[in-house]
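Hi everyone, thanks for coming.

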Amino acid sequence: MTETLCYGAIYLLIFLVFPVLCGSDSLIDAHTEVDGYCQKTDEGESCGNKDAEINLTRLEGGEIGSTQTIKVNGEVEFHLKSLSKKPLILEVPNFLNSVECQHLIELAKKVGLKKSITEQTGREKIKTFQLMDRDLDSRINISEMFETLQNGFDIYLEEEDLKEMYKELGMDPNGDNIVSQEEIQAVRPVQLQQYLYKLVSEHPEKHSRYSQQAWLYPNKHSDDNIFRQVQVRVSELAGLPLNLVHLSDVQVVSYGVKGHYNAHWDSSEKGHDAPCCETGKPNQGMCKSCRYMTILFYLNDVEEGGETAFPVADNETLNIQDITASRIGHLYKTCRDANLRVTAEKGKAVLWYNHFVDPGTGWMGDMDFYTLHGGCPVFKGEKWIANFWIKTTYSREHDLQRMARLHDI
Ligand SMILES: *[C@@H]1O[C@H](CO)[C@@H](O)[C@H](O)[C@H]1NC(C)=O
Ligand SMILES: *[C@@H]1O[C@H](CO)[C@@H](O)[C@H](O)[C@H]1NC(C)=O
Ligand SMILES: *[C@@H]1O[C@H](CO)[C@@H](O)[C@H](O)[C@H]1NC(C)=O
Ligand SMILES: [Ca+2]
């Protein structure tokens, strides 16, 4: 067998659903504020000049725990506290006021929140999942099966859960807790799928994510003054063109008790697998999320739990392979061990860069794997957040055109 992927593997085609990573069209009307890209000239407004010299920029951090003050709109002061260096994570208390927090929650309720787990069951797609046969002996032991389900299904099972699954599905007739290639192929994919979804509907803590979310599309809310005012503030804080912020996806997420989101990355590595998701191509599942920056807002105070955890922040000896194999990402259980936990406080913003700036192009560069993060379980009360994702692709030219197109609507 040829080794085409890093782990070497047995492949299995299986019918299963997976979450749609693509956002939807996020166009905004033409009458937006002047941004760093379009200019008023004698002949009217000129946009889309391909020579425009815009680079992606990053805020600078200070010593951990130190605070810098920046002025937004020339008057309002915000205090940025540095929480970690690798990756750079900053928090900004009271970035949103109470009215704005409530408003974003109301907008999300109006759009309608969808459950993370049942959302996936509605759609069927063929997905290849890889059996994580680490030692290439064509047999999957318990720890390899744990990794297989985590990578392929976003499901985190304990040893006793796996043994129960083997029993229920007859996957391990001789009871040695090792599943051979033949044994797993004897199980009908739909059987495995149904079993796993029944399990996580009853035990949502075993899924990587238990929440409800709604997407806010700026084009639908462009006449929403509060929303626009938040976009302007984000643009000023980040020092990025307003049109780039207008291209961004905004997702409001609500977590109840046991609600959580295991550790993940918000963006994707450069590669030939799939293009970055674009505006105007919703729900295709054939594109990947590319998000230069994440700005997360806490919209309420959580009674207990619900911190945002960065398990490997400022860890000098990080090894990506160790992360996949270990249970470090299983924040439902391991939140307390995370290197950094940010407390959810109403109005606070936390921001970080999922990518470096490529020194050659001045545009989106390599992904920063230290940005691994997730939401710790809520123990009491509920938690509301909004994610502003600054969406860029690996092509500056392409993104400038997308920004320019906003003005042609
Ligand atoms: C399972 O296999 C891996 C190698 O793929 C090995 O490192 C691990 O110790 C094995 N675990 C058990 C419980 O046998
Ligand atoms: C850093 O990561 C390694 C795994 O790559 C882990 O063993 C170690 O405990 C981590 N150290 C800290 C301080 O988090
Ligand atoms: C943008 O980045 C490129 C590449 O690093 C650099 O050559 C150029 O001078 C930068 N332009 C501006 C306006 O900063
Ligand atoms: Ca094996």
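**The nine-stranded sheet**

Let's start with an open sheet built from nine strands, in the order S4-S5-S6-S19-S15-S24-S13-S12-S7, with antiparallel pairing. At its edges sit strand S4 (67-72) and S7, each of which pairs on one side only. When I say strand or helix, I mean a DSSP run: helices are H or I with at least four residues, strands are E with at least two, and both are numbered from the N terminus. Two strands pair if DSSP finds at least two bridges between them.

Before I go on, a word on where this comes from: it's a predicted model, where local features need pLDDT of at least 70, side-chain atom pairs count only at pLDDT 80 or more, and totals for chains, interfaces and linings use all residues. Residues are numbered from 1 along each chain as its sequence is written, while chains are lettered from A and ligands numbered from 1 in the order in which they are written.

Okay, back to the sheet.

Now hop over to S12. How many bridges join strand S7 (residues 114-115) to S12? Two, and those strands run antiparallel. Lys115 is the residue opposite Gln212 in S12. S12 also pairs with strand S13 (residues 249-255), again in the antiparallel sense, over five bridges. There, Ala214 has Val252 in S13 as its bridge partner.

Is S12 enclosed or open to the outside? Strand S12 (residues 212-216) has four of its five residues buried, so the rest of the structure largely encloses it. Buried means that 20 or more other C-beta atoms lie within 10 Å of the residue's own; exposed means 12 or fewer, partly exposed is in between, and the C-beta atoms are placed from the backbone.

**One residue up close**

Stay with the sheet a moment and look for Arg291, in strand S15 (residues 291-298). Arg291 is buried, because 25 other C-beta atoms lie within 10 Å. Leaving out residues up to four places away in sequence, Arg291 touches Asp266, Ser267, Asn354, Trp389, Ile390 and Lys391. Touching, or contact, means that the C-beta atoms, placed from the backbone, lie within 7 Å. Arg291 and Met364 are 73 residues apart in sequence, yet 9.0 Å apart in space, C-alpha to C-alpha.

**A second sheet**

There's another open sheet, this one with five strands in the order S11-S14-S22-S17-S18, and its pairing is antiparallel too. Its edge strands are strand S11 (209-210) and strand S18 (340-342), each pairing on one side only. Within it, strand S14 (residues 260-264) and strand S22 (residues 373-375) pair over two bridges in the antiparallel sense. Two histidines face each other here: His264 stands opposite His373 in S22.

**Two helices**

Next, helix H6 (residues 189-202). At 1.5 Å a residue, its 14 residues should span 20 Å, and the end C-alpha atoms are 20 Å apart, which agrees. That expected span is 1.5 Å times one less than the number of residues. Which residues of H6 are buried? They are Leu192, Leu196 and Val200. Looking down the axis of H6, these buried residues fall within an arc of 55°, so they line one face of the helix. The arc is that of the directions from the helix axis to the C-beta atoms. On the other side of H6, Val190, Lys198 and Glu202 are exposed.

In helix H11 (residues 396-405), the buried residues are Asp399, Leu400, Arg402 and Met403. They cover an arc of only 160° around the axis, which puts them on the same side of H11. The buried residues of H11 pack against helix H8 (242-246).

**The whole chain**

Zooming out, the protein chain has eleven helices and 24 strands. Of its 409 residues, 38% are buried. And among contacts in the chain with a separation of 6 or more, 78% are between residues 24 or more positions apart.

Key:
Contact = placed C-beta atoms within 7 Å.
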